[in-house]
Amino acid sequence: MVAIPKLPEEEYLLKGNAACPGCPATIALRTALKALGKKTMLIVPASCSAVIQSLVPKTSFAVPTLNIAFAASAAAASGVAAALKMLGKDDITPVVWAGDGGSYDIGIQALSGALERGENFIYICYNNQMYSNTGIQRSGATPYGAWTTTTWTGKREMQKELAEIVLAHHPPYVATASIAYPDDLYDKVKKAKEMKGPRYIEILTPCPPGWRFDMSKTVELARLAVQTGAWVLYEAINGKIEFTSYSKMLLKGKKERKPIEEYLKLQGRFRHLTEEDVKKIKESIDEKWKHYMELYEE
Amino acid sequence: MMETAISYPTEGGMGKTGSWRVFKPVLDESKCIKCWLCWIYCPEAAIDKKEFPEIDYDYCKGCGVCANECPVKAIKMEREEK
């Protein structure tokens with residue numbers, strides 16, 4: 001793993017962009033682009049990242065970027081990959097940079113199709129567990145109990161696990177990451193870049209206005225999500241799952257999972273939770289970890 | 001034929017975003033251990049890697065992630081006097 005001071009200094013996300021103060025998507029994008037380098041082409045569906053680029057005729061992304069319709073990012077990336085192949089430019093990596101709305105819900109058909117066809121591209125989903133750009137609506141990634149403007153008494157359903165849905169397509173590389181562990185994130189994007197075929201990385205990005213917390217706590221929350229076990233860091237090369245970074249220590253029993261309350265209490269979107277709700281969240285996390293433990297023992 | 005809208009990379013696409021700031025991060029170099037966490041966590045890429053971390057006040061939006069993450073509390077948030 002590359003130490004943080006040794007990460008490349010090149011910046012492909014420029015200062016003075018349109019992101020909110022404390023934005024997690026830009027933290028994730030900065031680190032991801034450090035690993036991807038200059039020879040990258042981004043494909044961005046409707047999302048905060050389409051806005052963060054700033055206004056025509058200026059852009060804050062210093063790599064070529066194709067903005068495309070909400071449902072179309074993986075299909076567009078398939079086209080870009082085909083065009084690059086025809087032109088013999090195999091040193092350029094097409095990378096989809098989409099939010100959870102554009103991945104879990106609206107873009108899943110195109111994503112599933114591209115994965116099944118074995119297209120040669122990287123798909124990165126930055127997951128802030130709701131539609132932030134349009135004003136905090138629920139998505140398939142919104143966790144149980146969370147307030148959004150369309151679940152204002154708290155969501156009653158569990159989130160789905162897109163990384164596991166992607167895994168069921170048998171792609172060569174699947175990974176989950178967090179902005180609080182940039183060295184781990186850098187490693188995973190770098191690894192994906194050196195492989196061929198469809199590769200999927202999902203990054204948890206806690207959004208201050210959407211999750212209702214102070215903008216200085218973006219990274220703290222991303223870290224607490226991992227330390228409490230609510231979010232898990234792993235990678236799967238050809239379907240073989242390996243836990244990484246802090247999640248590996250949790251799995252091997254070198255660290256204890258922190259109480260989930262520490263993570264929930266910092267977020268206004270969970271302020272209304274009853275004791276029963278918290279119990280249900282706890283149980284779902286315990287259940288998830290039991291499943292991981294069984295995987296590990298095998 | 002319709003023309004495609006093309007944008008070109010520009011620093012300050014939304015102008016000098018430093019004007020959004022209410023609190024300003026100030027680094028105490030005597031405490032800094034150069035772990036560069038503030039640099040990698042800055043959402044704005046507004047901390048430059050010089051001898052010490054150098055905050056670009058033209059663009060820093062004042063979110064305070066750097067001050068919150070600094071392991072030795074070398075960065076303090078001070079109210080802007082504008």
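Helices (H or I, at least four residues) and strands (E, at least two) are DSSP runs, numbered from the N terminus, and the expected span of a helix is 1.5 Å times one less than its number of residues. The model is predicted, with local features needing pLDDT of at least 70, side-chain atom pairs counting only at pLDDT 80 or more, and totals for chains, interfaces and linings using all residues. Residues are numbered from 1 along each chain as its sequence is written, chains are lettered from A and ligands numbered from 1 in the order in which they are written, and side-chain values use heavy atoms, leaving out hydrogens and water.

Select helix H1 of chain A, residues 24-36. H1(A) has 13 residues and reaches 18 Å from first to last C-alpha, close to the 18 Å expected at 1.5 Å a residue. Of its 13 residues, 13 are buried (under 20% relative accessible area, with a 1.4 Å probe and protein chains only).

Next, pick A:Lys34 in this helix, which counts as buried because its relative accessibility is 5%.

Show strands E5 (residues 122-127) and E7 (residues 199-204) of chain A, which pair in the parallel sense over 6 bridges (pairing requires at least two bridges found by DSSP). Within this pair, A:Ile124 stands opposite A:Ile201 in E7(A).

Notes
Buried means under 20% relative accessible area, exposed over 50%, partly exposed in between (1.4 Å probe, protein chains only).
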